[in-house]
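I opened this notebook to keep track of what I looked up. The entries follow the order in which I checked things.

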Amino acid sequence: MNNLLTRSAFVQLQRRGELDLLAIRHPAFQADLLLQGAQLLSFAPSGESDWLWLSEQARYQRGQSVRGGIPVCWPWFGAPLKNPPQVQQHLQHGAAAAAHGFARTLNWQLTALHEACDHLRLTLSLPASVQPHWQGRLTAGLTFELSAHTLTLTLTTRNDDQQPLSFTQALHTYLPTADIHHTRLHGLHQQPYVDTLRDWQTCIQTGDVRFDGETDRIYTSSGTLTLISPGQRRTLCASGSRSTVVWNPWIAKSTRLSQFASTAWQRMLCVETANALDDAITLAAGASHSLSLTLSR
Ligand code: TA6
């Protein structure tokens, strides 16, 4: 990794708390990216506010996911035992395993870096060596493409095993809003979703998604979504994704969350580009799959 950085004009290895961080300072944009979890913490084109939300109470500790930015949920999304049987079969001691997989708490390695006057592309890779609670040689690579106009993440999973392997995943994107009460998500009209707060029953979305209480839904659809909040519009375009998770903890759950101020629920939401529940991906031996998200104005 170091030889990639020694030649870099825009990327510097820094330390934040206990964690290694790539500080990206390009004339057209800036970003901060943790090696732990390949977690993007912030991204802002020059002269703009951050496109991502990061907790004011974020803690940078080894083995602990930071609250905000874009955590990577892999090779399972959500609680282990809420995953379909074809994913659970790879989980050892599933009940004891943490939610959202181990990728977000392990160190990834910088394996590619390309810099240009108007964009930057870098890839972090997660070796198959240490994969707690998981049987099966899946490897992951996450490529970031940054420019003054768009941010794209592409999470590629490869099955290096001799047998088919199934997994679930999400790019758990935290987005800022000036006021959640005047925020809506357009693009899911008439789409079915599992409501995890109403006994996981399936409902149908009517109109834009609006927020007036705790919201934790897994839509079995994705594509292009538009987040409209006071003074801002953000477009999210997904590919290789068959699920979208929409989450706001609201008041009560906020008190039970780590790294989360009691009023932070008013200024954030998660729109997660995923393959969750029955949208689990099964890869034949040697096959690959890519999940991609592009954020734009
Ligand atoms: O994606 C929504 C969700 O599964 C919520 O149920 C909530 O648990 C959130 O993820 C945050 O999970 P974390 O483990 O990062 O606190």
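I began with the pocket term: on a 1 Å grid over the protein atoms alone, a pocket is an open set of points where a 1.4 Å probe fits, with protein on both sides within 12 Å along at least five of seven lines. A molecule sits in one if more than half of its atoms lie within 2 Å of its grid points. By that test the ligand sits in the largest pocket.

I noted that the model is predicted, that local features need pLDDT of at least 70 and side-chain atom pairs 80 or more, while totals for chains, interfaces and linings use all residues. Residues are numbered from 1 along each chain as its sequence is written, and side-chain values use heavy atoms, with hydrogens and water left out.

I then looked up polar contacts, pairs of N or O atoms within 3.5 Å. A polar side-chain atom of Arg 67 is 2.9 Å from a ligand oxygen. For the side chain of Arg 104, the distance from an N or O atom to a ligand oxygen is 2.9 Å, and for that of Glu 272 it is 2.8 Å. The protein covers 79% of the 390 Å² of accessible area that the ligand has on its own (Shrake-Rupley method, 1.4 Å probe).

Last, I checked for disulfides, pairs of cysteine sulfur atoms within 2.5 Å. The count is zero. The sulfur of Cys 237 is too far for a bond, because the closest cysteine sulfur, in Cys 270, is 19 Å away.

Note on methods: A polar contact is a pair of N or O atoms within 3.5 Å; within protein, one must be able to donate a hydrogen and the other to accept it, and residues adjacent in sequence count only if both atoms are side-chain atoms. On a 1 Å grid over the protein atoms alone, a cavity is a set of points where a 1.4 Å probe fits but cannot get out, and a pocket is an open set with protein on both sides within 12 Å along at least five of seven lines; lining residues have an atom within 4 Å of a point.
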